[in-house]
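Dear colleague,

Please find below the structure that I am handing over to you. The findings follow directly after it.

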Amino acid sequence: ASISNSASAESTASSADANATASDVDGAEIGSVDIGGVGSITGQTSFAGSADATSVTGLASTADASLADADGLEGLAAINVSSDAGLTGINSVDLTATSASTGGASPSAASSIAEATTLQGAQLGNNTDIGGVGNIGGQVDFNATAASTNVTGSATAGASLGDVKDGFAVPTSGGLTTGVDLGSLTTSTTSGLAQGLVTGTDGTSTSGVRSYGTDIKSDGTLQGFANLSNTADASTTDGAAAAGAYANTIDGANLGDVNIGGVGSLTGSANFAGSASSSNVGDEAGDISGAVSQLNDIDGLEATAGLNVASDAGISGLAAVDLGSSAESTSGGYAIASAQAGTLQGAELGATDIGGVGSVAGETSLTSGAASSNVSGQAISLSQLTTAEGLQQTGELDVKSDASVQGLANVSSSADAATTAGAATANALSTTINGADLAAGNLDIGGIGSIAGQANFGLSA
């Protein structure tokens, strides 16, 4: 499915409102499948939404480009292929929202929102059986851009994986000295999900024989990729400016229980880049310039329901995050910039059994920066991280032969605040950084073992 949706509104004497929205888009949605030989199933979605609104003397200019749900391949029912099989889902989404207003005797409002709620490359159920070699892959690519400009009045721009709520980047009470009052960007803590590959969990047993949600009799490859880039920019020459780039939850590959009868390769990669910038010229205490880039949760590879590979196996997960926020003001009350990262994990694994040589690796990286500047007001910057882990093993890891187990976490975070007439506050904070967390699971290696964990971090303010 390839869909392009656009809306444009222009007014010289009243408000302008442009909406380009879609609810559900699927490349391929399949029911039960039974193939007696070799099988190949592919689903692909490409969606582009753009909204542009321009007002000269109206009270508001509003642009909204949104998508509720999109899947490349959705196969939640039973899939049974007697021989070799390839299952692939690809989902590509681009959203752009722009608004411009010049205002007039009365201040106007320019607002742009580009947002998606649920995006998945390939979503499979808990009954996928392949009798030969299996290749299963899913990928989601999401780009959201929001830009708002105004001459007399406010400017707000939000680019988001999740439902943006109004006024998301403007502090309302308390916490201004530390910059922690920017708050959540969405209306719900569960809103916003992007996943490259999702497979279901069976977990049942019959006469002591376990069933798996994904069962491949020969060699098997499972790959999931999620790549997201959100950019928001808001500027005004007389009023408040607020910009936010947000993502709630991102998974490269989220796997249920998997059984592979031969050599196995399981890979997950998730990447997010969030950039927000705001600038204003204000003459009132409420004329704040606020910019926030925020990510709640990201996993390169999440497979906690159980993995079983009869022969050699390579298992790897990568999560890479880049957050940047810049807020400028020449005479507003506050210039506030915030770059906030929640939980970042390269690979999170449960019980894992490998019958041959095993290679298990997880890596996460974070680069974040928040910069604020003001002329005659406060400047506040916060760059904050909750948790970064390269590899977390929550269940037993059993490798019958030689094994390499490694986790790596790289964190670089900065905060900078500057003002010529006011207070300046900058904080770069983190809570937990682990290269490899193996405390919750036992490791049993039958041959030569190499275990390594490394955490590199630099915080500056």
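Which residues does Thr 45 touch, not counting residues up to four places away in sequence? They are Ala 1, Val 25, Asp 26, Gly 27, Asp 71, Gly 72, Ile 90, Asn 91 and Ser 92, where contact means heavy atoms within 4.5 Å.

Before the remaining findings, a note on the basis of the values. This is a predicted model, in which local features need pLDDT of at least 70 and side-chain atom pairs count only at pLDDT 80 or more, while totals for chains, interfaces and linings use all residues. Residues are numbered from 1 along each chain as its sequence is written, and side-chain values use heavy atoms, with hydrogens and water left out.

Thr 45 lies in strand β4, which covers residues 39-55; strands here are DSSP runs of E with at least two residues, numbered from the N terminus. With a relative accessibility of 0%, Thr 45 counts as buried (buried means under 20% relative accessible area, exposed over 50%, and partly exposed in between, with a 1.4 Å probe and protein chains only). The Thr 45 side chain also reaches the backbone nitrogen of Gly 27 at 2.7 Å, and Gly 27 is one of the residues that Thr 45 touches.

The sheet

Strand β4 belongs to an open sheet of ten strands with parallel pairing, in the order β1-β4-β7-β10-β16-β19-β22-β25-β28-β31. Two strands pair if DSSP finds at least two bridges between them. At the edges are β1 (2-11) and β31 (449-460), each of which pairs on one side only. On average, neighbouring strands of this sheet are turned by 0° against each other, direction ignored; the axes are lines fitted to C-alpha atoms, and angles run from 0 to 180 degrees between N-to-C directions.

- Strand β10 (residues 134-150) is joined to strand β16 (residues 220-236) by 17 bridges, and the two run parallel. Gly 137 has Gln 223 in β16 as its bridge partner.
- Strand β16 pairs with strand β19 (residues 264-280) over 17 bridges, again in the parallel sense. Here Ser 229 stands opposite Ala 273 in β19.
- Strand β19 runs parallel to strand β22 (residues 313-329), and 17 bridges join them. In this pairing, Ser 265 is opposite Gly 314 in β22.

Salt bridges

How many salt bridges are there? The count comes to three, taking a salt bridge as a side-chain nitrogen of Lys or Arg within 4 Å of a carboxyl oxygen of Asp or Glu.

One of them joins Arg 210 to Asp 257, with the closest N and O atoms 3.1 Å apart. This pair links distant parts of the chain, 47 residues apart: Arg 210 is in strand β14 (residues 209-210), and Asp 257 is in the loop between β17 (241-254) and β18 (258-260). Arg 210 is partly exposed because its relative accessibility is 34%, whereas Asp 257, at 0%, is buried.

Another salt bridge is formed by the side chains of Lys 217 and Asp 215, at 3.6 Å from N to O. Lys 217 counts as partly exposed at 48% relative accessibility, and Asp 215 counts as buried at 15%.

The side chains of Lys 400 and Asp 398 also meet in a salt bridge, at 3.3 Å from N to O. Lys 400 has a relative accessible area of 48% and is therefore partly exposed; Asp 398 has 15% and is therefore buried.

Yours sincerely

Conventions. Helix = DSSP H or I, 4+ residues; strand = E, 2+ residues; numbered from the N terminus. Polar contact = N/O pair within 3.5 Å; in protein donor to acceptor, adjacent residues only side chain to side chain.
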